[in-house]
Amino acid sequence: MDTQALKAEQKRRAQEIVHVDSLPFAEPRFIGGADVGFEQEGAVTRAAIAILHYPSLQLVEFQIARIPTVMPYVPGLLSFRECPGLLAAWEKLVQKPDLLFVDGHGISHPRRLGVASHFGLLVDVPTIGVAKKRLCGQSAPLSEAPGSQSALMDHDEQIGWVWRSKARCNPLFISTGHRVSLNSALMWVKRCQQGYRLPEPTRWADAVASQRPAFQRWLRENPQ
DNA sequence: GCGACAG
DNA sequence: ATCTTGTCGC
């Protein structure tokens with residue numbers, strides 16, 4: 001694993017990211033959520049993608065792919081570890097989403113190519129990064145009130161938003177993945193908020209991957 | 001040199 | 001990310 005070469009590749013690919021809205025829809029019909037986890041002590045990569053109908057936010061499809069892990073976790077190089085699994089899950093989808101939320105950062109990354117951006121480029125789909133922790137950049141302190149937000153800045157450049165999606169919960173870090181502006185990224189995430197810390201697409205992807213009770217209940221209510 | 005560091 | 005029960009607080 002040549003770290004320097006991978007970093008150079010990130011800088012190169014980051015220039016291909018479309019930072020403005022080039023969404024082929026006035027309103028998306030399907031929004032997806034993607035999440036990656038690991039099994040067998042990291043030897044197996046498990047990627048899950050959940051597809052929700054918009055604006056009902058009802059789960060309509062999910063796919064899980066398991067492949068041999070290709071790389072160790074290195075902060076800043078996450079996409080090289082997670083994209084192979086995400087691609088495998090993506091190819092299994094019957095209904096591709098118009099917009100995809102990815103667990104992790106988009107352009108709020110040292111070289112502006114977080115997993116949400118990298119995957120968006122790979123499959124050429126609009127993506128938004130929804131991360132639970134900061135990777136880089138700084139922001140003004142957030143108030144305790146749910147809904148409070150602050151721009152995530154790297155010097156003079158805004159690379160994302162820090163948004164308290166729910167009271168008494170740590171904020172989320174939202175950023176452009178690909179083909180979605182920063183303002184729209186935050187807007188779509190807000191429109192998929194249903195009272196939990198994570199927006200529905202990402203929340204369902206996690207529930208599917210981890211076999212959460214809510215997902216098991218959905219399976220029972222949706223035979224076949 | 002020291003601390004930070006998505007999942 | 002993952003290993004894991006109860007527990008504190010709204």
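Modeller: Residues are numbered from 1 along each chain as its sequence is written, and chains are lettered from A and ligands numbered from 1 in the order in which they are written. In this predicted model, local features need pLDDT of at least 70, side-chain atom pairs count only at pLDDT 80 or more, and totals for chains, interfaces and linings use all residues, while side-chain values use heavy atoms, with hydrogens and water left out.

Biologist: Which residues lie closest to the centre of the largest pocket?

Modeller: A pocket is found on a 1 Å grid over the protein atoms alone, as an open set of points where a 1.4 Å probe fits, with protein on both sides within 12 Å along at least five of seven lines; lining residues have an atom within 4 Å of a point. The largest pocket holds about 540 Å³ of space, a volume being the space filled by probe spheres set on the points, which are joined across faces, edges and corners. Of its 24 lining residues, the closest to the centre are L78, D103, G104, H105 and A131.

Biologist: Which element gives the most residues to the lining of the largest pocket?

Modeller: Elements are DSSP runs numbered from the N terminus: helices (H or I) have at least four residues and strands (E) at least two. Two or more lining residues come from each of β1 (30–39) and α2 (78–92). With three residues, the one that gives the most is α2.

Biologist: How many residues of that lining are nonpolar?

Modeller: Ala, Val, Leu, Ile, Met, Phe, Trp, Tyr, Cys and Pro count as nonpolar, Asp, Glu, Lys and Arg as charged, and the others, Gly among them, as polar. The lining of the largest pocket has seven polar and seven charged residues, and its nonpolar residues number 10.

Biologist: Which helix gives the most to the lining of the second largest pocket?

Modeller: The second largest pocket has a volume of about 230 Å³, and its 13 lining residues include Q58, L59, W204, R217 and W218, which lie nearest its centre. At least two residues each are supplied by β3 (58–68), α5 (200–209) and α6 (213–221). The greatest contribution, four residues, is that of α6.

Biologist: Why is α5 described as largely enclosed by the rest of the structure?

Modeller: A residue is buried at under 20% relative accessible area, exposed at over 50% and partly exposed in between, using a 1.4 Å probe and protein chains only. Among the buried residues of α5 are W204, A205 and V208, and the buried residues pack against β1, β2 (44–53), β3, β4 (99–103), β5 (127–131) and α6. Helix α5 is largely enclosed because the number of its 10 residues that are buried is eight.

Biologist: Is Q10 buried or exposed?

Modeller: Q10 lies in helix α1 (residues 3–14). Its contacts (heavy atoms within 4.5 Å), leaving aside neighbours within four places in sequence, are G76, L77, S79, F80, H109, R111 and L113. Its side chain also reaches the backbone oxygen of G76 at 2.8 Å. At 0% relative accessibility, Q10 counts as buried.

Biologist: What is the relative accessible area of L87?

Modeller: L87 lies in helix α2 and touches F119, L122 and V123, not counting residues up to four places away in sequence. The residue is partly exposed, with a relative accessible area of 27%.

Biologist: Which residue has a polar side-chain atom 3.0 Å from a phosphate oxygen of DNA strand C?

Modeller: DNA strand C is surrounded by G37, F38, R46, K132 and R168. By class, this surface has one nonpolar, one polar and three charged residues. A polar backbone atom of F38 is 3.5 Å from a phosphate oxygen, whereas the residue with a side-chain atom at 3.0 Å is R46.

Definitions and conventions. A polar contact is a pair of N or O atoms within 3.5 Å; within protein, one must be able to donate a hydrogen and the other to accept it, and residues adjacent in sequence count only if both atoms are side-chain atoms. A residue is near a molecule or strand if one of its heavy atoms lies within 4 Å of it.
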